[in-house]
Amino acid sequence: MNRMNYQKKIFIKVVFIFILLFYSVMSKAEGTIILNASDVSVSKDFEKKTIFFFPYTQNLPKNILITGFYGYLSTETLKSENVNSETLFGLSYSKTSNCPSDSHIVNGYTEYNLIYPNQGLAGFIVKQNKSGVALLRLEIKLNNGVPIKPIKGGCFMLSFDGTDFVSKPYTKKATIVLTYRAVTDTTTSVRMAGLDSEYIASTNDNFSRVLNSYTVFPVSKNGDLRPGYLVDFYGNISGTPGNSIFNLSISKRIWSLKYIASIYKNGFCQKAFKNHPKGKFTWNDQTLGYGKANPTSIYAKDSFVFFNTAIGSKSGYPSIIGISAKIPKKIKLNDGDCIVTASIPNTQKNGTTEAINVENQIAAVITDK
């Protein structure tokens with residue numbers, strides 16, 4: 001059986017599992033909203049974005065709380081010697097009643113936000129380094145939820161921003177089930193902070209000194225992220241080796257990263273990232289290397305870790321996962337703290353020494369009380 005047919009069978013199986021999941025979710029949620037879209041495009045870049053609109057139904061309550069995201073997102077490339085495709089799936093809701101019934105193509109996010117003002121709910125990234133189907137399964141349950149007051153004539157929006165870089169027909173599909181419940185009002189102040197970033201990360205520090213990679217969002221009463229309470233942290237992570245990894249022996253294709261989220265408290269943010277910028281930034285520091293214990297700041301005593309997972313592959317393929325941190329209670333964010341995500345090496349000694357492209361699309365939900 002060739003790999004393309006095998007992938008399609010796996011894809012069909014996952015869709016079947018999703019259908020079962022969907023009915024399980026429906027039985028437990030007060031309400032569900034289905035967003036279903038697909039697109040085939042030919043391009044070499046990210047200039048054009050396709051926007052799909054899903055008008056609010058008449059029976060949607062006046063105030064709702066989004067409680068989860070379920071379903072799947074996929075991309076499919078035709079056979080090529082140099083596969084390097086990626087798509088960002090953006091989910092948002094409208095801030096005006098300007099919601100066409102058909103999909104629209106826009107030339108960039110500036111035009112998109114100008115013509116169709118919207119508030120982001122989530123972003124999900126899917127990348128490929130081999131021909132065929134790449135799949136991200138979503139099963140994200142929120143702790144607190146995101147409140148929305150649907151305006152008359154409004155809608156949810158789903159954007160497809162992707163390319164295969166070789167101008168062949170490139171397929172993108174999304175089926176997302178939003179779960180929600182009705183609430184009496186949405187007066188609680190809720191803010192969304194994006195920790196999205198893209199960088200090259202080291203996966204193996206057994207043979208040399210390499211770099212730990214961080215994305216940092218400082219908390220400041222005068223900054224972009226004001227003090228409050230972290231109540232939700234969700235999105236997805238994609239780790240993608242270059243396709244040259246398939247020229248290596250099987251034992252050298254193994255790679256793994258630890259992906260960790262934390263709050264740096266008690267002034268530790270400034271100590272760990274001296275003279276750091278005021279807004280969101282990325283940072284690197286070195287490991288000791290050669291198999292020695294990694295002195296990363298993410299495990300320091302003033303680092304409050306609330307999420308810890310691994311991404312990786314035993315065969316050189318991308319690792320694309322959805323995440324939702326289980327926050328047992330609100331996490332207080334004080335002036336001078338910072339929210340930190342770290343990618344640190346986790347590959348065993350017989351694995352690859354090549355660096356990995358990492359992109360995380362993460363939303364943090366902060367409340368005032």
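Modeller: Happy to! Let's begin with Cys269 and Cys338, which are both buried, meaning under 20% relative accessible area, where exposed is over 50% and partly exposed lies in between (1.4 Å probe, protein chains only). Please keep in mind that this is a predicted model, in which local features need pLDDT of at least 70, side-chain atom pairs count only at pLDDT 80 or more, and totals for chains, interfaces and linings use all residues. Residues are numbered from 1 along each chain as its sequence is written, and side-chain values use heavy atoms, with hydrogens and water left out.

The sulfur atoms of Cys269 and Cys338 are 2.3 Å apart, and the two residues form a disulfide, that is, a pair of cysteine sulfur atoms within 2.5 Å. The torsion about their S-S bond is about 120°, so this link is right-handed. It joins distant parts of the chain, 69 residues apart: Cys269 belongs to helix α3 (residues 268–272) and Cys338 to strand β19 (residues 338–345). Helices (H or I, at least four residues) and strands (E, at least two) are DSSP runs, numbered from the N terminus.

A search of the whole structure finds two disulfides. The other pair is Cys99 and Cys155, with sulfur atoms 2.1 Å apart. Here the angle about the S-S bond is -75°, and the link is left-handed. This pair also links distant parts of the chain, 56 residues apart, with Cys99 in the loop between β4 (86–94) and β5 (104–106) and Cys155 in strand β8 (residues 155–163). Cys99 and Cys155 are buried too. With the bonded cysteines numbered in sequence order, the pairing reads 1-2, 3-4.
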